[in-house]
Amino acid sequence: MTTPDRRSAEIVAEAKDLVVGYDRAVVGPINVRLGPGITALLGRNGAGKTTLMRTLCGVIPAVSGRCSVFGRDVSDGAAVRSQVGYLGHELALASALTVKQNLAFWREVWESIPQATLIDHDDLIGRFDLTALLGQRVRSLSRGQRQRVEMARLAMTDPDFVVLDEPLTGLDPVYAAQTRELLREWGETRTVLYSTHSVPEALELADRFLLVQGTDLIDLSHDDSEVTEQIILNHLEPAA
Ligand SMILES: Nc1ncnc2c1ncn2[C@@H]1O[C@H](COP(=O)(O)OP(=O)(O)OP(=O)(O)O)[C@@H](O)[C@H]1O
């Protein structure tokens, strides 16, 4: 389902002439504007989804061009970063510390940024059902449990731009359903960009579909015509 009105209402994140990559360019130059709602990012293995998302969040620098959140460059510092919540494949938590210690560490980091708005500790623990995990070391957690703590960490600053790299992969059915619900809730008021390899799931959740194809980023929702599984599959190129 596309909701162009909601999308055009507000630009939260924007990429201008953005090229992303490492020692070589992987995707770009691209221009894209993202607003409230859920955008699914699709593409074959190795297409560059993770690289693009990490760049949009300021985790790695752009090769060239610019990415901004509310008009401010993501590399501008911690204040703008507090408005961005990123869930990646790499752990942002210290594995030797307990869940409680990790959350306390991140709270201290964000408390030092005057512009950051912090969600109450107890609300966060309740919301992500972490009470039973607080005393456990992160390294002893299962993948799904660890992701729950990661989600609590990224939600701590109540970010407007939420970027999630394959957040529904490898979760048990109950937690996957809860995560889908959380994405839907965030998508009501926030700008959510998430990557997935599940086309049916993307069609169920997302308002907008971006697809990395070669060095391009294709917006499959550029008009009001319905995006279907076949259209998405037609756009997916052979793996690199
Ligand atoms: N740290 C890195 N240094 C150099 N090249 C990298 C690095 N990480 C990824 N790449 C390369 O960048 C390209 C894009 O990788 P990326 O992880 O962004 O793809 P992806 O679309 O997220 O893939 P997948 O669906 O398999 O997770 C690949 O060719 C990959 O080998």
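Predicted model: local features only at pLDDT ≥ 70, side-chain atom pairs only at ≥ 80, totals over all residues.

Guide: Two strands are said to pair if DSSP finds at least two bridges between them. Strands β9 and β10 run antiparallel and are joined by four bridges.

On its other pairing, β9 meets β3 in the parallel sense, over four bridges. Here L42 stands opposite L211 in β9. How many of the six residues of β9 are buried? Five of them are, so the strand is largely enclosed by the rest of the structure. For the chain as a whole, 37% of its 240 residues count as buried.

The pairing continues beyond β3. Strand β3, residues 37-42, is also parallel to strand β8, residues 191-195, with five bridges between them. In this pair T39 lies opposite L193 of β8. These strands belong to an open sheet of six, in the order β6-β7-β8-β3-β9-β10, and the pairing within the sheet is mixed. The edge positions are held by β6 (84-87) and β10 (216-219); each has a single partner strand, so one side of each is left without a neighbour in the sheet. Averaged over this sheet, neighbouring strands are turned by 15° against each other, direction ignored.

Helix α2, residues 49-56, lies across β3, β7 (161-165), β8 and β9 (208-213), and runs at about 155° to β7. Helix α2 also lies across β1 (13-21), β2 and β4, with an angle of about 130° to β1. The latter strands belong to an open sheet of four, ordered β2-β1-β4-β5, in which the pairing is antiparallel. Its edge strands are β2 (25-34) and β5 (72-73), each of which pairs on one side only.

As background, most residues other than glycine have a negative phi, and most peptide bonds are trans. In strand β1, D17 has a positive phi of about 45° although it is not a glycine. D17 counts as exposed, because it has 12 C-beta neighbours inside 10 Å. F70 is another residue other than glycine with a positive phi, near 50°, and its place is in the loop between β4 and β5. With 13 other C-beta atoms within 10 Å, F70 is partly exposed. The peptide bond from G28 to P29 is cis, with omega near 5°; P29 lies in strand β2.

The chain holds nine helices and ten strands. It is divided into domain 1, made of residues 1-83 and 159-240, and domain 2, made of residues 93-158. The centres of the two domains, taken over C-alpha atoms, are separated by 24 Å. Eight residues of domain 1 and ten residues of domain 2 take part in the contact between them. On the side of domain 1 that touches domain 2, five residues are nonpolar, two are polar and one is charged.

As for overall form, the C-alpha trace spans about 50 × 40 × 35 Å along its principal axes. The radius of gyration is 17 Å, which agrees with the value near 18 Å that a compact globule of 240 residues would have. Of the contacts between residues at least 6 apart in sequence, 71% join residues at least 24 apart.

E181 is found in helix α7, residues 173-189, and counts as exposed, because it has 10 C-beta neighbours inside 10 Å. E181 and S221 lie 40 residues apart in sequence, and their C-alpha atoms are 22 Å apart in space.

Notes:
Residues numbered from 1 in each chain as written. Domains from an automatic or database assignment. Contact = placed C-beta atoms within 7 Å. Nonpolar A, V, L, I, M, F, W, Y, C, P; charged D, E, K, R; others polar. Helix = DSSP H or I, 4+ residues; strand = E, 2+ residues; numbered from the N terminus. Rg over C-alpha atoms; globule rule 2.2 N^0.38 Å. Buried ≥ 20, exposed ≤ 12 C-beta atoms within 10 Å, placed from the backbone. Axes fitted to C-alpha atoms, helices over the stretch in contact; angles between N-to-C directions.
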